Amino acid sequence: MSRSQLRSATITALTIAGSDPSGGAGIQADLKTMSALSAYGMSVITALTAQSTRGVTGVHAVPADFVRLQLDTLLDDITPDATKIGMLATAGLADAVGEYLPGLSHTVLDPVMVATSGDRLLDEEAIGAVRRLCTKADLITPNLHEAAVLLNEEPAASLGELRTQARRLTDLGAQRVLVKGGHLAGGAGDASGADDAVDVYVDGDVVRILRGHRVATGSTHGTGCTLSSAIASLRPRRETWSEAVRDAKAYLTGAIEHADSLGIGHGHGPVHHFYRAWIQSGW
């Protein structure tokens, strides 16, 4: 397919994830991201959460059979060009979604297992199911803490350790890995730079260090959901995964830069998914 065809075709993107009533994370963030990046967004809900910018107070998992019914009904009618998988609250949900991955293209798994505080959100059985799912997705996007849980190791304390853990995840069967180093202290054990937000991308023998400037803000609610959804939305219009990852990181950086202008909530506010459109419209 030519570049012009890649740009002109209508892109459909599916998110399989949990719901966030505050609109900053989960399927709400995914659908906003997909729309902002010119993809037609669709959703299969895996869990309902009681959540705000201040935190999560409850999770109600959708039965695995009903998640299957959502997927069967949707996929009988529409074949997504890309799929993002987010929160899978139970082992049964992770295994159920895993049944569909071989038939889906451009799959991005954000293995939501660890809260920003570092607390684990899943039990060992569910974590084991997510580990199995990691070998079926085209790309996984764990943060620093989630990479450590997947490997059963301590979180990386330096860029060198982050690079090593990213490579080890591919050794365990992940096809491609983007380990997000946003929680990594700048300059920890190497010259990563105090003002850099550094991620590590691994695809086969290729290892790339992706740098972006660190934005001084507390409005970071939904960054992981937004990044993985952005990658999925962009991949059908990019020739390589590396290009999709690069452009998604640039989009997320802009969304974080403009996050404080929203003034939403009294906790960690959401990123600004539509910052490009709102700026152009003068809103």
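## Overview

The chain has an accessible surface of about 12500 Å², and carbon and sulfur atoms hold 51% of that area. The model is predicted. Its chain has 283 residues, of which 51% are buried.

The secondary structure consists of 10 helices and 9 strands. Taking contacts with a separation of 6 or more, 66% link residues 24 or more positions apart.

## The nonpolar cores

In soluble globular proteins, nonpolar side chains tend to be buried together. Here the largest nonpolar core has 46 residues. Ile85, Ile140 and Leu169 have the most contacts inside this core. Helix H5, residues 124-134, gives the core its largest share, with 6 residues.

Neighbours within four places in sequence are set aside here. Its contacts are then Leu109, Cys134, Leu150, Leu169, Ala174, Arg176, Val177 and Leu178.

Several residues of H5 are buried: Ala126, Ile127, Gly128, Ala129, Val130, Leu133 and Cys134. What do they pack against?

Strand E5 spans residues 107-109 and includes Thr107. Is Thr107 buried or exposed? Its relative accessibility is 1%, so Thr107 counts as buried. Beyond residues up to four places away in sequence, Thr107 touches Thr83, Ile85, Leu101, Lys136, Ala137, Asp138, Leu139 and Trp241. One of these, Ile85, also has a leading place in the largest core, as one of the residues with the most contacts inside it.

## Two helix pairs

Two packed helices are described by the angle between their axes and the distance between the axes. Start with helix H2 (residues 26-36) and helix H8 (residues 223-234). Their angle is about 40°, and their axes are 8 Å apart. H2 and H8 are therefore oblique to each other. They cross in a right-handed way. H2 contributes Gly26, Ala29, Asp30, Thr33 and Met34 to the contact. H8 contributes Cys225, Thr226, Ser229, Ala230 and Ser233.

The second pair is helix H3 (residues 64-75) with helix H4 (residues 91-98). Here the angle is about 25°, with the axes 9 Å apart. H3 is therefore roughly parallel to H4. The crossing of H3 and H4 is right-handed. On the H3 side, the meeting residues are Ala64, Val67 and Arg68. On the H4 side, they are Gly92, Leu93, Ala96 and Val97.

## Two loop residues with positive phi

Ser38 is not a glycine, yet its phi is positive, at about 65°. Ser38 sits in the loop between H2 and strand E2 (39-52).

His106 lies in the loop between H4 and E5. At 22% relative accessibility, His106 counts as partly exposed. The cut-off for buried is under 20%.

Technical notes:
Residues are numbered from 1 along each chain as its sequence is written. This is a predicted model: local features need pLDDT of at least 70, side-chain atom pairs count only at pLDDT 80 or more; totals for chains, interfaces and linings use all residues. Side-chain values use heavy atoms; hydrogens and water are left out. Helices (H or I, at least four residues) and strands (E, at least two) are DSSP runs, numbered from the N terminus. Buried means under 20% relative accessible area, exposed over 50%, partly exposed in between (1.4 Å probe, protein chains only). Contact means heavy atoms within 4.5 Å. Accessible areas come from the Shrake-Rupley method with a 1.4 Å probe; for residues, only the protein chains shown count as cover. A nonpolar core is a set of buried Ala, Val, Leu, Ile, Met, Phe, Trp, Tyr and Cys residues joined through side-chain atoms within 4.5 Å. Axes are lines fitted to C-alpha atoms, for helices over the stretch in contact, and angles run from 0 to 180 degrees between N-to-C directions. Angles under 35 degrees count as roughly parallel, over 145 as roughly antiparallel, 65 to 115 as roughly perpendicular and the rest as oblique. A crossing is left-handed if the near helix is turned anticlockwise from the far one by less than a right angle, and right-handed if clockwise.
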